[in-house]
Amino acid sequence: MFERFTKDARAVVQGAVEHAERAGAGSVDAEHLFLALLDREAGRASFALAALGLAERGDAVRQALGEARRRAGLSQADAEALAGLGIDVSEIVARVEEAHGVGAMSGDRKVKGWSGRRSFGRGAKEILERALRIAVARRDRHIGDEHILLALTVRPGVSGEVLADHGVTYESVVRVLYGGGESKAG
């Protein structure tokens, strides 16, 4: 599958691996792909994110992703569903962090001395597989960073929720990239 990735898509995957390494995570996940997309300054996905105003709100997006990691990766929708059952996720996070330190629920198992390749977690694999399906459905002969962005917008979970909260949806990205709006990527 990776032979069909464009230079920009490969850079996103490499950037995701670097994010996972810096975080000390045992595997690359969907959020790492999202962070790598935010870091890029070239490519169709970068164009779409800038056209949709996400480039200026990068810090707010990173903060939202960080807060979700502190909640053990629960999306805000998950936290609200648990609140409906009488479970206060914020209180649980506060108590766990009081006892074990900030970020104790993040799920990042610090891997010291890791020198091999990072494996891809289920979320990252789903994003890359969905990117392939989106490219095939659009009859594109390649898988670009724009396909990774589109895949992130449709996958339930933290990344999709954060994107939607900042006005980046599948429909808005398609409109910017493929027409139907004022901006179009070339």
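This is a predicted model: local features need pLDDT of at least 70, side-chain atom pairs count only at pLDDT 80 or more; totals for chains, interfaces and linings use all residues.
Local features are given at pLDDT of at least 70 and side-chain atom pairs at pLDDT 80 or more, while totals for chains, interfaces and linings use all residues. Residues are numbered from 1 along each chain as its sequence is written, and side-chain values use heavy atoms, with hydrogens and water left out.

Helices here are DSSP runs (H or I, at least four residues) numbered from the N terminus, and buried means under 20% relative accessible area with a 1.4 Å probe, protein chains only. The buried residues, among them His 147, Ile 148 and Leu 152, pack against helix 1 (7-23), helix 2 (30-39), helix 3 (44-51), helix 7 (122-137), helix 9 (158-165) and helix 10 (170-178). Beyond its neighbours within four places in sequence, Leu 152 is in contact (heavy atoms within 4.5 Å) with residues including Phe 34, Ile 127 and Leu 163.

Leu 152 also belongs to the largest nonpolar core, which has 44 residues; Phe 34, Ile 148 and Leu 163 are likewise among those with the most contacts inside this core. Such a core is a set of buried Ala, Val, Leu, Ile, Met, Phe, Trp, Tyr and Cys residues joined through side-chain atoms within 4.5 Å. Helix 2 gives the largest share of this core, seven residues.

Elsewhere, the charged end of Arg 138 sits over the ring of Tyr 178, 3.5 Å from its centre (cut-offs: NZ of Lys or CZ of Arg within 6 Å of the ring centre and within 35 degrees of the ring normal).

Key: Buried means under 20% relative accessible area, exposed over 50%, partly exposed in between (1.4 Å probe, protein chains only). Helices (H or I, at least four residues) and strands (E, at least two) are DSSP runs, numbered from the N terminus.
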